[in-house]
Structures are given as structure tokens and as C-alpha cells.
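Here's a quick tour of one model, written for someone who likes to know the cut-offs. Have a look at the structure, then read on.

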Amino acid sequence: MSVPDVEADLSHHGHVSLWQGRLTLRLESGNHGPAKVPEATVRLDLSAAPAAGQALPDHCLWGGDRVVLCRTGQLRPAGRARETAFELAMTGDPAEVVVRIDTAWNGGASDRNPENQRHRVLVPATGDLYAF
């Protein structure tokens, strides 16, 4: 007996800013369908190291010294999941940080449009919001 192919279209959108050595990120994940995803994990990979020992939201954890992994909760078709927002003090005062956003796990669903869940954002230390 074969397992049916579940198809979903995950996306991650939000904004990030950097000012005076503090990186602020807001992220919302969604699913354009057609099937629901019981749970997914989004990976945030930073080009600069955050200061050690910082707390993350309850649904996030450190996946390395520059990697944050966050659960999305259930993603219904045409629905949104929990918003993820946090601020990190960076080591030193970097002039810029590159943030890579991607799905680390999607519950085994196939996704014909992975580009709307993969982002690479250059964030200069201007305090401006950079959308993805």
C-alpha cells in the first residue's frame, strides 16, 4: 500500500531590521494548499553570531550558534500559523547581517513552489525594515 502524496504550498513572509547591534525579526508562515500540514519547522540562518545565552519564543530553539528553528503550528490551506517575533543582541555591532529563511521540515508534503519559502535578506544596520 502506498502513502498518498500530500501537496501543500508553504510560504514564509515578514520583515527584519538591524540597529545598534540588535536584530529584530517578525515572521508569519502560511499554506496556499491544497492539503493541510499538521506542523512545519522554519529555519533562520544568520551570517553573524548572536550574543550567547539569549532566550527565544517558546516554539523556537537554537539549532546552532547562528541557527534558530521555530515550529509553525498547523498550517491549513489558505490559513496562517502563529506569528514568530523576537529580538537578538548580536555579537559586536555588525554593519550588516544576512538572514536566510527556509523550511527545515514540512511534514512530508510535496511543494511545487518552494521559492516562496526560501529567502535571503541582506539587512544593513540602518534600522529600516527589510521585507521578505
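Gln20 sits in the loop between strand E1 (10-19) and E2; strands here are DSSP runs of E with at least two residues, numbered from the N terminus. Its phi is near 50 degrees, a positive value in a residue other than glycine. Most residues other than glycine have a negative phi, and most peptide bonds are trans. Gln20 counts as exposed because its relative accessibility is 61% (exposed is over 50%, buried under 20%, partly exposed in between, with a 1.4 Å probe and protein chains only).

Some ground rules: this is a predicted model, where local features need pLDDT of at least 70 and side-chain atom pairs count only at pLDDT 80 or more, while totals for chains, interfaces and linings use all residues. Numbering starts from 1 along each chain as its sequence is written, and side-chain values use heavy atoms, with hydrogens and water left out.

## The sheet and a cis bond

Four strands make an open antiparallel sheet, ordered E6-E2-E1-E9 (two strands pair if DSSP finds at least two bridges between them). At the edges are E6 (79-89) and E9 (130-131), each pairing on one side only. Strand E2 (residues 22-31) is joined to E6 by 9 bridges, and Leu27 stands opposite Thr84 in E6.

Further along, in the loop between E2 and strand E3 (41-46), you'll find Pro34. The peptide bond from Gly33 to Pro34 is cis, with omega near 10 degrees.

## Asn106, tucked into a loop

Asn106 belongs to the loop between strand E7 (96-105) and strand E8 (119-124). Buried or exposed, then, for Asn106? It's buried, because its relative accessibility is 17%. Not counting residues up to four places away in sequence, Asn106 touches Leu10, Val37, Glu39 and Ala40 (contact means heavy atoms within 4.5 Å). Ala40 is 66 residues from Asn106 in sequence, yet the C-alpha to C-alpha distance is 4.5 Å.

The Asn106 side chain also reaches the backbone nitrogen of Gly108 at 3.0 Å, and one of its polar atoms lies 2.8 Å from the backbone oxygen of Ala109.

## One cavity

There is 1 cavity of 30 Å³ or more, and the largest cavity has a volume of about 40 Å³. (On a 1 Å grid over the protein atoms alone, a cavity is a set of points where a 1.4 Å probe fits but cannot get out; lining residues have an atom within 4 Å of a point.) Leu27 and Thr84 are among the lining residues, and E2 and E6 each supply at least two.

Terms used: Polar contact = N/O pair within 3.5 Å; in protein donor to acceptor, adjacent residues only side chain to side chain. 1 Å grid on protein atoms, 1.4 Å probe; cavity = no way out; pocket = protein on both sides within 12 Å on 5 of 7 lines; lining within 4 Å. Points joined across faces, edges and corners; volume = space filled by probe spheres on them.
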